[in-house]
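Me: Hi! Could you walk me through this structure? I'd like to start with the fold and then get to pockets.

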Amino acid sequence: MSTDLQWLLLRKNNSFIVKRVVEGPVFSREPGNLRNLHSHKFSGLANTKTIHVADSPTGIQIVTRKTKGSSGGVASSRAVSTVRPRSGSRRALGVAAAPAKRGYRPDLRTATLARVSALLAAQKEPKPTPTKKPRGRKAKAAATSEA
């Protein structure tokens with residue numbers, strides 16, 4: 001079945017559609033949808049070549065569907081590359097850009113890099129906030145009470 005026909009069947013009703021605002025954008029929660037937008041370009045269900053970026057306990061996983069594999073979702077029809085935690089953002093972005101460099105959906109390169117960057121930022125431990133120093137009248141009052 002062609003991808004256009006699949007999209008025509010899926011675009012009006014599937015279980016992944018998220019409609020929050022009546023006149024607003026329509027989102028999608030389907031696996032393989034990098035921008036979470038309900039469109040044919042980013043659809044993980046209607047396209048034969050998809051890139052799925054997900055966070056896992058072993059690191060960030062980038063899953064691509066093999067072109068010769070069956071569309072039934074058999075585990076062997078997917079190629080998985082993992083970016084281990086603390087391996088660095090440059091390495092992670094290089095691994096994320098690798099499928100596009102090989103010609104596998106180069107139009108999704110920026111979306112893949114954005115998703116990997118967001119996951120890396122979420123994994124970082126936040127810096128502790130420094131204590132606020134009193135200024136103005138409070139600083140003068142604290143200085144006089146200490147002296």
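Me: In what order do the elements run from the N terminus on?
Reply: The order is α-β-β-β-β-β-α-α-α in the protein chain. Do keep in mind that this is a predicted model.

Me: And how many helices and strands is that?
Reply: The protein chain has four helices and five strands.

Me: Is the chain a compact globule or more spread out?
Reply: More spread out: the radius of gyration is 23 Å, while the globule rule gives 15 Å for 147 residues, so the protein chain is well over that value. Along the principal axes, its C-alpha atoms fill a box of roughly 85 × 40 × 25 Å.

Me: What share of the residues counts as buried?
Reply: For the 147 residues of the protein chain, that share is 28%. The accessible surface comes to about 10600 Å², and carbon and sulfur atoms hold 55% of that surface.

Me: Changing topic: what volume does the largest pocket have?
Reply: About 320 Å³. It is lined by 14 residues, and P85, R86, L120, Q123 and K124 are the closest to the centre of the pocket.

Me: Nice. Which helices each supply at least two residues of that lining?
Reply: Those are helix 2, spanning 89–101, and helix 3, spanning 109–123.

Me: How do the lining residues divide by type?
Reply: There are five nonpolar, five polar and four charged residues in the lining of the largest pocket.

Me: Last one, back to the fold: what percentage of contacts with a separation of 6 or more joins residues 24 or more positions apart?
Reply: In the protein chain, such pairs account for 41% of those contacts.

Definitions and conventions:
Residues numbered from 1 in each chain as written. Predicted model: local features only at pLDDT ≥ 70, side-chain atom pairs only at ≥ 80, totals over all residues. Heavy atoms only, no water. 1 Å grid on protein atoms, 1.4 Å probe; cavity = no way out; pocket = protein on both sides within 12 Å on 5 of 7 lines; lining within 4 Å. Points joined across faces, edges and corners; volume = space filled by probe spheres on them. Nonpolar A, V, L, I, M, F, W, Y, C, P; charged D, E, K, R; others polar. Rg over C-alpha atoms; globule rule 2.2 N^0.38 Å. Buried < 20%, exposed > 50% of the residue type's maximum accessible area, 1.4 Å probe, protein only. Contact = heavy atoms within 4.5 Å. Areas by Shrake-Rupley, 256 points an atom, 1.4 Å probe, with all protein chains shown as cover.
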